[in-house]
Amino acid sequence: MTSTRSKWLEAELKYDSRVVGKHEVVMTRGLGATVWDETGRSYIDCVAGYGVANIGHSHPDVVRAIKDQAERLIVMPQSLPNDRRAEFLTELVSVTPQGLDRVFLCNSGTEAMEAAKKFAITGTGRKRFVSMKRGFSGRSLGALAFTWEPKYREPFGDAVDNRNVDFVTYGNIEELRAAVTDQTAAVILEPVQGEGGVRPASPEFIQEARRLTREKGALLILDEIQTGFCRTGKMFAAEHYGVVPDGMTLAKAMAGGVPIGAFVMTAEVADRMPAGGHGGTFGGNPLAMAAGVAAIRAMKREGMAEQAREKGAYFMERLRAIQSPKIREVRGLGLMIGVELKEKSAPYIHALEHDEGILTLQATPLVVRFLPPVTISREQIDTVIAAFERVLNGVNPRAERQAELAAAQQEQVQTE
């Protein structure tokens, strides 16, 4: 098979660290909810950069903003104020829950979680945390302490110090009550667990976390890295639950595909961090800021939260209508959708990509996760549903087409 690989795939496989598993495909272009590989084959993208391309690939407003800003100024440290950074901060705070009006800017979700950890310690004077079983908070050594899955932590042994982290079962209110004490700096949770199987929290659980943290003087930090920016049918998933946290970690879709991250918090939390207590070279760079302004404005102007709400409901309705004994449950919120199977999901994810031209991803060994751009059309959703139904039923459309072609050729031979 090696001889059939393109030079691009060969180069990536040769020089990459090989930490990340690679598909046997090279993607070269994207627009909206469609991406194309180097051969010109199109795919409906229900991965969206792991939930980054909420507004679609290469949204024209973001493309224009990046081009314009690149000609003006690309980098400027946060110690030197910048017009585009000020514009972005104003735009971001206009959509965050009331009171979350102070922002630490960085480059990724993991960096946002690292910042949240430090701000929680200085903000409360405490060092203990409560995190969730099946939760995912990033892969840096600091963020790994909050990540439940052992496979991410075990290779690094004691270097991942989670002795000050208490893990509770996601959704178990009694465990949460027992874990949150007057020594807790913060409770950290995802409103919808993504990596953990696309599991939305119950309103009761989120609301009790808010009540407990206030009672004990701890912070409630919501991880909105994947759920934020219209993914769940609201600008932020917290809005579904009627709670305002003390801080939110943000990243992924915030700049339409350009690397970006932020920890947004109350002034009280921000003001307790000593000057110079945290920082970063590229955080708040003008290029990312320009992209972020364009992306957030596009979300508001095009009603993307409402789109995600309506299309997500339609998507899940169609998935639930599939008659297959292999499906255990369809769950999700907005366009963050998981289908839990009664067997391993990997073969079906592979078949969707290779046989159907549909990109999906795994969330736990049993779950097929769908994270399409909000711009996905109903027609594309219908195509995804039909493809998923075929692979669940073991139908290989490529094999069918080959068989039809062979039958047609045979018929022609017989006619002649």
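A: One cut-off first: a residue is called buried when its relative accessible area is under 20%, exposed when it is over 50%, and partly exposed in between. Keep in mind, too, that this is a predicted model.

With that in hand, start with Lys-300 and Glu-91. Their side chains form a salt bridge, and the closest N and O atoms sit 2.6 Å apart. The two ends come from distant parts of the chain: Lys-300 belongs to helix α12 (residues 286–301) and Glu-91 to helix α4 (residues 83–93), 209 residues apart. How covered is each end? Glu-91 has a relative accessibility of 9%, so it counts as buried. Lys-300 comes out at 40%, so that end is partly exposed.

Next up is Asp-246 with Arg-210, another salt bridge, at 2.8 Å from N to O. Asp-246 lies in the loop between α10 (238–241) and β11 (247–250), while Arg-210 is in helix α9 (residues 203–216), so this pair ties together parts that are 36 residues apart in sequence. Here Asp-246 is buried, because its relative accessibility is 15%. Arg-210 is buried as well, with a relative accessible area of 6%.

Arg-163 and Asp-161 make a salt bridge too, with 2.8 Å between the closest N and O atoms. Arg-163 has a relative accessible area of 67%, so it is exposed. Asp-161 has 35%, so it is partly exposed.

Then there's a group that goes beyond simple pairs: Glu-174, Arg-177, Glu-208, Arg-211, Glu-215 and Lys-216 are linked in a network of salt bridges.

The structure holds 29 salt bridges. On the charge side, the chain has 51 positive and 52 negative charges, and their mean positions are 3 Å apart. As for the fold around them, the chain has 16 helices and 17 strands. Its radius of gyration is 23 Å, close to the 22 Å that the globule rule gives for 416 residues, so the chain is as compact as a globular protein of that length. The C-alpha trace spans about 85 × 55 × 40 Å along its principal axes.

Of the 416 residues, 51% count as buried. Take the contacts between residues at least 6 apart in sequence: 69% of them join residues at least 24 apart. The chain exposes about 19,200 Å², with carbon and sulfur atoms supplying 52% of it.

Definitions and conventions
Residues are numbered from 1 along each chain as its sequence is written. This is a predicted model: local features need pLDDT of at least 70, side-chain atom pairs count only at pLDDT 80 or more; totals for chains, interfaces and linings use all residues. Side-chain values use heavy atoms; hydrogens and water are left out. Helices (H or I, at least four residues) and strands (E, at least two) are DSSP runs, numbered from the N terminus. The radius of gyration is taken over C-alpha atoms; the globule rule is 2.2 Å times the number of residues to the power 0.38. Buried means under 20% relative accessible area, exposed over 50%, partly exposed in between (1.4 Å probe, protein chains only). Contact means heavy atoms within 4.5 Å. Accessible areas come from the Shrake-Rupley method with a 1.4 Å probe; for residues, only the protein chains shown count as cover. Lys and Arg count as positive and Asp and Glu as negative; His and the chain ends are not counted. The place of a charge is taken as NZ of Lys, CZ of Arg, CG of Asp or CD of Glu. A salt bridge is a side-chain nitrogen of Lys or Arg within 4 Å of a carboxyl oxygen of Asp or Glu.
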